[in-house]
Amino acid sequence: MQLPFLPYGRHSIDEADVAAVVAALRRDYLTTLAAVAAFERALAVRLGAPHAAAVCNGTAALHAACHVAGLGPGDEALVPAITFLATANCVRYVGAEPVFVDVDPISGLMTSDSVKRALGPRTKAILPVHLRGRPVDMAPLVALAEQRGLLLIEDAAHALGASYGGAPVGSGRYAAMATFSFHPVKHATTGEGGAVTTADPALHERLLRFRNHGMVRAPAALERPSPGPWYYEQQELGHNLRITDLQCALGSSQLGRLSIFLERRRTLAARYDRLLADLHGVTPTDGPRAAAGHAYHLYAVRIDFGGLRRPRAAVMTGLRELGIGTQVHYIPVPHQPYYRARGWRAEQLPGAWDYYEHTLSLPLYPSMADTDVDRVVEALAQVLR
Ligand SMILES: *Cc1c(COP(=O)(O)O)cnc(C)c1O
């Protein structure tokens with residue numbers, strides 16, 4: 001019997017989600033923004049954040065955050081070398097330069113030491129990435145940001161439901177803004193979607209404006225006296241980054257199950273930790289000691305491919321033949337031809353290169369059974385033998 005394929009990640013949609021979207025489809029308006037506002041409120045409440053602005057995807061959330069942070073030509077923003085392309089690209093979208101910061105070779109996370117080395121007179125912002133859902137140590141970064149007048153923007157695409165220092169990531173307690181993604185592979189989905197949370201009402205206002213062409217309607221915010229109820233002003237250049245009611249209806253329904261999703265992810269991760277403890281040449285990237293506050297978007301292991309004489313490509317192909325999907329998160333962004341052409345050399349960031357050379361993400365998503373974890377570990381042992 002052919003066992004079902006286990007991808008590295010997958011969404012969880014139930015009948016309540018389907019019903020929520022169908023109900024949204026039957027309303028008189030599809031973009032009244034009523035469902036958007038409800039989703040924003042639900043997200044803000046869940047994270048203990050004063051404000052949330054929902055947008056069409058996580059990349060748009062980062063773009064909007066970089067814009068309202070005032071980043072622009074001549075500015076630099078510090079970005080970890082190990083992240084998804086979007087974290088660096090959003091800095092380029094606003095005309096600023098990402099400066100790639102080395103990461104810890106074991107955890108893949110940005111460290112305050114490497115941040116200190118990368119700081120310069122043009123540094124205006126730091127974008128920590130809570131890779132796999134494991135929170136970056138924010139306290140030293142908060143201190144640095146205060147000292148130097150820098151803005152902290154957390155890329156929390158992996159970290160919905162994570163917590164640091166007793167507060168949810170994205171609560172607005174540590175960073176000026178946090179950005180989230182609701183892509184199907186993330187913790188909760190809207191199909192495509194994203195959001196920015198902040199404690200600052202002025203940043204929130206500007207995020208809403210940037211999301212909708214830079215348009216302003218509120219009488220108090222207008223530059224000229226209003227001639228009538230049709231009147232609006234464009235006071236700066238914005239985009240259409242809007243998300244639909246349909247997507248937000250799905251998002252609100254998904255957020256209702258976020259705690260269940262997180263609990264399941266943590267249980268499965270702990271099972272991996274236990275079962276992998278005896279597998280030679282394989283180490284859980286996080287392990288039980290890193291479990292506090294971890295949201296487990298991804299479950300990654302560090303594999304000694306060289307010592308085991310098993311190239312990573314052969315391991316991935318072997319696992320695929322056994323019905324198991326894996327992925328590498330991530331190729332160091334400065335290694336991309338686009339950033340190499342801008343002068344970056346990933347080999348000069350030894351922590352990032354070491355992490356990249358050894359990492360592999362194994363299947364992890366809420367609908368996995370305990371026995372699926374057992375199956376992945378057995379397959380991995382077989383392929384490495
Ligand atoms: C998914 C992701 C994004 C971008 O989100 P999209 O919704 O796909 O645009 C940004 N940063 C990280 C770290 C991500 O994993």
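Here are some notes on a predicted model, taken one region at a time.

1. **Ground rules.** Because the model is predicted, local features need pLDDT of at least 70 and side-chain atom pairs count only at pLDDT 80 or more, while totals for chains, interfaces and linings use all residues. Residues are numbered from 1 along each chain as its sequence is written, and side-chain values use heavy atoms, with hydrogens and water left out.

2. **Helix α1.** Let's begin with α1, residues 15–25, where Asp17, Ala20 and Ala24 are buried. Buried means under 20% relative accessible area, exposed over 50%, and partly exposed in between, with a 1.4 Å probe and protein chains only. These three sit on the same side of α1 because they cover an arc of only 60 degrees around the axis, the arc being that of the directions from the helix axis to the C-beta atoms. An α-helix has 3.6 residues a turn, so residues three or four places apart point the same way. The cover over the buried residues of α1 includes α8 (245–255). At the start of α1, a side-chain oxygen of Asp14 comes within 3.1 Å of the backbone nitrogen of Ala16. Helices (H or I, at least four residues) and strands (E, at least two) are DSSP runs, numbered from the N terminus.

3. β8 runs parallel to β5, joined by three bridges, and pairs with β9 in the antiparallel sense over five bridges; two strands pair if DSSP finds at least two bridges between them. Met177 stands opposite Ile153 and, in β9, opposite Thr198.

4. **Strand β1.** Four of the five residues of β1 (residues 51–55) are buried, so β1 too is largely enclosed by the rest of the structure. Its antiparallel pairing with β9 (residues 194–198) has five bridges, and Ala52 has Thr197 as its bridge partner there.

5. **Asp155, worth a look.** Asp155 belongs to β5 (residues 151–155). Asp155 is buried yet has no salt bridge, and the nearest side chain of opposite charge, Lys186, is 6.9 Å away. For charge, Lys and Arg count as positive and Asp and Glu as negative, while His and the chain ends are not counted; a salt bridge is a side-chain nitrogen of Lys or Arg within 4 Å of a carboxyl oxygen of Asp or Glu. The Asp155 side chain does reach the backbone nitrogen of Ala157, at 3.1 Å. Leaving aside neighbours within four places in sequence, the contacts of Asp155 (heavy atoms within 4.5 Å) include His130 and Thr179.

6. **Thr285.** This residue lies in the loop between β12 (282–284) and β13 (299–303), and is buried, with a relative accessible area of 6%. The side chain of Thr285 reaches the backbone oxygen of Ala300 at 3.0 Å.

7. **Pro366.** Finally, Pro366 is in the loop between β14 (359–362) and α13 (370–384) and counts as buried at 13% relative accessibility. Not counting residues up to four places away in sequence, Pro366 touches Arg10, Ser12, Phe261, Arg264 and Arg265.

Definitions and conventions:
Polar contact = N/O pair within 3.5 Å; in protein donor to acceptor, adjacent residues only side chain to side chain.
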